[in-house]
Amino acid sequence: MARNTPSTGPLLEYVLDVLGSEICSGIKPTGTVFTLGDLGERFGISRTVAREVMRALEQLGLVASSRRVGLTVQPISNWSVLDMAVIRWRLNSPETRPEQLRSLALLRTAIEPVAAREAATVATQEQREQLLEMARRLGAIGAAGRADTDDFLEVDVGFHSLILEASGNEMIMTLTESVVSVMRGRTEFGLQPAKLSDLAVHQHLDLAQAIAEGSGARAAEISRALLVEVDTQAYSPDTAHEPQVAGRQR
């Protein structure tokens, strides 16, 4: 069979990306069975490459292998759901995207207020000053109706990532990419409103100020309220959003 692959990119990564997408989107539902021979026939790959693909899928918990059966797609409870590849595959599928965004938003709501509380206690002076500066930039960009642009996203990701970093907790910090991926997903798939609400503008500033002043309880409270506000804006049925994958403003 002719190899159905793009002209660029490692073959292993291509095959893994196709299969990972199919499993995470539900095209290959739980219980689906396929073999190394099936992979070789479909993609025109050697048995060695097929085994590498198998091992990568197993490490992510997406399949379990058996000599007598082959590769069996596993339930989501077995998946490495915090792995960025799995998150990306779920976000890329229109069928699983809403559920993935909700899961990420819930994780963020659980983690970020705690990080904000800790940051108010242990953040360095430099981190406190950076948060204040970024909050001002976010407010200016968002109030100007450009909250759905890459400029805003870059600062927004930096602001919230810094809060997690400033918590000083190594376990919280390891969740940074997973937590901020919900913001990237909202912008990429057109769910981020162009104009940040006045309330959200003030909440970013108030949050940075609370951390700068060392008020942990207030920082946690504002962080939680901010996340509720941005969720309300992003998922409001009254707001129409057009996907901007190919040509967002810059």
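Below are my entries, in the order I looked things up.

**Entry 1: the overall picture**

I remind myself that this is a predicted model. I counted 11 helices and 3 strands in the protein. Reading along the sequence, I get the pattern α-β-α-α-β-β-α-α-α-α-α-α-α-α. I then looked up burial, and buried residues make up 48% of the 250 residues. I also checked how far along the chain the contacts reach. Of the contacts between residues at least 6 apart in sequence, 68% join residues at least 24 apart.

**Entry 2**

I looked at one pairing in detail: strand 2 and strand 3 (residues 70–73) run antiparallel and are joined by 4 bridges. Within this pairing, I see Val63 standing opposite Val73 of strand 3.

**Entry 3: helix 4 and what covers it**

Which residues of helix 4 (residues 84–92) are buried? My list reads Ala85, Val86, Ile87, Trp89, Arg90 and Leu91. I noted that Arg90 is on this buried list along with Trp89. The cover over these buried residues includes helix 1 (11–25), helix 5 (97–122) and helix 9 (176–188). At the start of helix 4, I found a side-chain oxygen of Asp83 within 2.8 Å of the backbone nitrogen of Ala85.

Next I took up helix 9 as a partner of helix 4. Their axes come within 10 Å and cross at roughly 15 degrees. That angle is under 35 degrees, so I write helix 4 down as roughly parallel to helix 9. The crossing is right-handed. Met84, Ile87 and Leu91 of helix 4 make the contact with Glu177, Ser178 and Ser181 of helix 9.

**Entry 4: Val18**

Is Val18 buried or exposed? Its relative accessibility is 17%, so I count Val18 as buried. I place Val18 in helix 1, one of the helices that cover the buried residues of helix 4. Leaving aside neighbours within four places in sequence, I find Val18 in contact with Arg42 and Phe43.

**Entry 5: helix 7 and two partners**

I started with helix 9. How do helix 7 (residues 150–166) and helix 9 cross? Their axes come within 10 Å, and the angle is roughly 160 degrees. With the cut-off for antiparallel at over 145 degrees, helix 7 is therefore roughly antiparallel to helix 9. I note a right-handed crossing for this pair. On the helix 7 side, Leu153, Asp156, Val157, His160, Ser161 and Leu164 take part. They meet Thr176, Val179, Val180, Met183, Arg184 and Thr187 in helix 9.

Then I turned to helix 10 (residues 198–213), whose axis comes within 12 Å of that of helix 7, crossing at roughly 30 degrees. That makes helix 7 roughly parallel to helix 10. Here the crossing is left-handed. Asp156, Phe159, His160 and Ile163 in helix 7 meet His204, Leu207, Ala208 and Ile211 in helix 10.

**Entry 6: Ser197**

I looked up Ser197 in the loop between helix 9 and helix 10. At 16% relative accessibility, Ser197 counts as buried. Its side chain reaches the backbone nitrogen of Ala200 at 3.0 Å. Beyond neighbours within four places in sequence, Ser197 is in contact with Glu229 and Gln233.

**Entry 7: Gln127**

My last stop was Gln127, in helix 6 (residues 125–143). Its relative accessibility is 12%, so Gln127 counts as buried. Which residues does Gln127 contact, leaving aside neighbours within four places in sequence? I wrote down Leu162, Glu165 and Ala166.

Technical notes: Residues numbered from 1 in each chain as written. Predicted model: local features only at pLDDT ≥ 70, side-chain atom pairs only at ≥ 80, totals over all residues. Heavy atoms only, no water. Buried < 20%, exposed > 50% of the residue type's maximum accessible area, 1.4 Å probe, protein only. Contact = heavy atoms within 4.5 Å. Polar contact = N/O pair within 3.5 Å; in protein donor to acceptor, adjacent residues only side chain to side chain. Pairing = 2+ DSSP bridges. Axes fitted to C-alpha atoms, helices over the stretch in contact; angles between N-to-C directions. Parallel < 35°, antiparallel > 145°, perpendicular 65-115°, else oblique. Left-handed = near helix turned anticlockwise from the far one by under 90°.
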